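Please open the model in your viewer and keep the selection panel at hand.

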Amino acid sequence: MGTRKVLGAMLAACALAGMGAAHAQIRIAYIDPLSGAMGATGEHGLRELEFAAEQVNARGGVLGQKLEIVPMDNKLSPQESLILLKSAVDQGIRYIAQGNGSSVAGALIDALNKHNERNPGKSVVFLNYAAVDPDFTNDKCSFWHFRFDANTDMKMEALTTFMKGEKKVAKVYLLNQDYSHGHQVSKVAKAMLQAKRPDIQVVGDELHPLARVKDFAPYVAKIRASGADSVITGNWGTDLALLVKAAKDAGLKADFYTYYAGAVGVPPAMGEAGVDRVKVVSIWSANSAPPALQALFESYKKKFGADQDPYSQGLRLSVEFLTRSIALAKSTDPVKVARAMEGMKFEGPFGEVEMRAADHQLIQPLYISTFVKTGAKYKYTADGTSDYAFRPEAKMDGPATAARPTTCKMQRPA
Amino acid sequence: MELFLTSLLNGVTYGLLLFMLSSGLTLIFSMMGVLNFAHASFYMLGAYFGYLVSTKVGYYPALLLAPLAVGAIGALVERYGLRRAHASGHVAELLFTFGLAFLIEEIVHLVWGKTPVPYRIPASLDGPLFTLYSSTFPAYKGFMMLVSVGMLVALYAALTRTRIGLVIQAALSRPDMVEALGHDVPRIFMLVFGGGAALAALAGVIGGNAFITEPGMAAAVGSIVFVVVVVGGLGSLQGAFVASLLIGVVQTFAVAIDYRIPGMGRMSVSQLAPVLPYLIMVLILIARPRGLMGTRES
């Protein structure tokens, strides 16, 4: 490093330190992909997180301090994320938010466990708004990690409970991406279907490579040959949209039970092919939102454009929990805030939400919705499309989907 | 039997799609000796231009206008970029097209954003063409196959039966002589490169709405087109055609096979299907480096 670079870095560091002293801000590092294949999703999340922080700041912040979001592009890489975490810590940031990719979340949890143990007084808290690997709130649970999305198991609990009531479901085909998330979906789907509807036959259990398949016609031919009437898939992105399109092309009449049909970019890509046959499990439903949340949606759309739909309820909740915990703890010290957050319970926009103290998993209502043609009944369309919306079919209260006991043995700092 | 016939049909369809994607690449390689890494990017540009034109003017005009526009861009790239890189040899050309691919992707990000655009199949081609057992075969896929075969016939005829085709072929092996006869060889190369880009763009206009038009689409097909060209034999149009069909059919049938490979745990043949093209490529490179029907050893 040349002298000039060193000088520059020192100047920048001084400027940062000066800013921190002047405004006493609560900074949250947003460590997610802002470029590359998942860049669109990451950017969308960043915008929503910044928007949520602005709402808090407009109310005067919390404890007289404002929230500030520091975006950091991890390119969806765990290694890159650890470097960014280090840099966030060096800048004195005590809160991080991340959601895209359980591989990244897992690496961050490990790193935080070590860092917080070695640096008491400089602890960092992890607000996980969307990484859904059940391990993080079971065997790998950590005092420093809080999850605001429902995990894979909870979502499957909701999906299978819904399917239990659907009499026409007789043969189910499992098609998933060949990596940890897909494996988990396949495993837990089989176990839960067996427990709830032993009469349902699982006629296929297929794994395909992640983001490599261009033409899903061969898979659809197989699904048809199996006689399945329903498909359960944890696929996301183009893997989901292409699958649904191929099914429509071949005239396959099966329903799709999905995790990510509502994710950024999927509704416009699915288009007509998904109508009436694609269902999704999610932690919110735009068209069931109470007036206060609708008002928030409106101001979001006003700010970013009519075709921009807010998407991540998990991010909104994480900011809400953080500010409430800081207010309750009367401190911004991460250890005190984390203790205040444990077990916190309040009435969210869709019903009661509780941060379960035992494993730091948020217990919240889940919705099952169907992708439909938009109509006068649906105020909110799906992800920037004007023709499609999600119709809420069923709502399950938090406790109903949290039934699975956690295996977490939480270790709290002394 | 039903699964067999549907798989065969799906395999041939997929194979023809692969040929459509790789014909322009083969053309450029066989005529100019340039391995164009930006080929898939021209495919992506074609899809976005097709989306743009189809929303403003209509889908059918887009089939002509988008390839023309991308072809013109390709010609300009050859004239003002590649031609200069050419002077420094093949490595410079390779690096140039490699960089170009990144550049085009970033431009697409800036202009159209990072999420998919709603590029739809026109109503007149949407719907089933015929029904095989209980599966419908979409009309649009039929259209895609037709265009692909049309590309093969037109390219073959243009290269072997027309005057310009003969000049292009001659310019490849005896550029000095062709130049001495009064033909402008650099201009011929410019036309060939533009033509290859236009072919990629045509595939983009057709593939963009059949699949998904998004900034990752170039990277998604980038590797498979090279497999087709290498297996078929670098620079052989017929070879690319045969290789496309071979890969399409093999991959599609592999998906249908649930046989578990002994000694590999849960791994089944169907799980391996998408890796098979690459396996075929490696085997071909070992056993027959010039590819199935290739004529040169590079």
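The domain bounds used on this tour come from an automatic or database domain assignment. With that in mind, select chain A, which is divided into domain 1 (3-150 + 299-363) and domain 2 (153-282 + 365-401). The model is a predicted one, in which local features need pLDDT of at least 70 and side-chain atom pairs count only at pLDDT 80 or more, while totals for chains, interfaces and linings use all residues. Residues are numbered from 1 along each chain as its sequence is written, and chains are lettered from A and ligands numbered from 1 in the order in which they are written.

Next, colour the two domains of chain A, whose C-alpha centres lie 30 Å apart. Their contact takes 17 residues from domain 1 and 19 residues from domain 2, where two residues are in contact if their C-beta atoms, placed from the backbone, lie within 7 Å. On the domain 1 side, strand S12 of chain A gives the largest share, four residues; helices (H or I, at least four residues) and strands (E, at least two) are DSSP runs, numbered from the N terminus.

Now select S12(A), residues 351-355, which pairs with S13(A) in the antiparallel sense over two bridges; two strands pair if DSSP finds at least two bridges between them. Within this pair, A:Glu354 stands opposite A:Ile363. The open sheet of three strands has the order S11-S12-S13, and its edge strands are S11 (345-348) and S13 (362-363) of chain A.

Finally, show chain B, of which 29 residues are in contact with 31 residues of chain A. Helix H1(B) gives the most to this side of chain B, with six residues.
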